[in-house]
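Biologist: I am new to reading protein models. Can we go through some features together?

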Amino acid sequence: MRRKKLRIFACVLLALTVLTAFAALAGGVGSQDDPLVTLSYLNDTFTGQVLEKVDKALDERNAALRQELELQISQREQALRGQLPGGAPGTGAASYAALELAAGQILRGEAGCEVLLRSGSAVCAASSAPGLVDTTSGGSINGGGALQPNHLYLMTEAREVTASTAVTLLVRGPYTVG
């Protein structure tokens with residue numbers, strides 16, 4: 001019986017020794033002296049994988065932004081094209097279109113539309129100030145104000161010019177005639 005106790009004691013002591021040694025070895029794993037992930041793995045493998053994923057995400061985002069920008073440019077170009085009498089498309093924002101209006105006809109322009117009175121007389125029809133910005137003199141005219149010949153007027157928002165007599169205008173930007 002004494003031998004049996006001695007064997008049990010020896011087995012327990014051996015088990016405790018093995019567990020203590022295992023705990024001591026495991027305690028050093030992941031420390032600064034023995035890192036769990038090596039620096040060479042981070043530099044050689046992991047960083048490359050992360051950079052590839054980032055590059056792919058950036059390429060996809062750039063493609064989406066490029067497509068959105070092209071759509072906006074296309075829509076803006078279409079909006080800048082005015083309407084000539086008879087519904088024909090305007091000449092666009094790059095050049096002026098010569099336009100003749102009879103007395104009483106109305107030119108309706110959008111923001112950014114430019115108007116230059118070449119002959120005849122016309123008045124600004126605007127409910128709020130400024131009606132038209134006179135870029136030639138640096139001033140503005142309000143609703144009911146007469147346009148001066150050879151002065152360039154800019155519409156800061158949707159405005160109208162009514163022909164008092166037969167007029168010739170140079171127009172650039174989005175507009176319609178009614």
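Modeller: Start with exposure. Buried means under 20% relative accessible area, exposed means over 50%, and partly exposed lies in between (1.4 Å probe, protein chains only). This is a predicted model: local features need pLDDT of at least 70, side-chain atom pairs count only at pLDDT 80 or more, and totals for chains, interfaces and linings use all residues. Residues are numbered from 1 along each chain as its sequence is written, and side-chain values use heavy atoms, leaving out hydrogens and water.

Biologist: Is Cys11 buried or exposed?

Modeller: Cys11 counts as exposed because its relative accessibility is 53%. Cys113 has a relative accessible area of 0%, so Cys113 is buried.

Biologist: How many disulfides are there?

Modeller: A disulfide is a covalent bond between the sulfur atoms of two cysteines. The rule used here asks for a pair of cysteine sulfur atoms within 2.5 Å. The count is zero.

Biologist: Where is Val54?

Modeller: Helices (H or I, at least four residues) and strands (E, at least two) are DSSP runs, numbered from the N terminus. Val54 sits in helix H2, residues 39-80. Its relative accessibility is 41%, so Val54 counts as partly exposed.

Biologist: In which order do the four strands of the open sheet lie?

Modeller: Two strands pair if DSSP finds at least two bridges between them. The order is E4-E8-E2-E10, with antiparallel pairing. Strands E4 (122-125) and E10 (175-177) are the edges, each pairing on one side only.

Biologist: How many bridges join E4 to E8?

Modeller: Four bridges join E4 to strand E8 (residues 159-163), and the two run antiparallel. Ala122 stands opposite Ala163 in E8.
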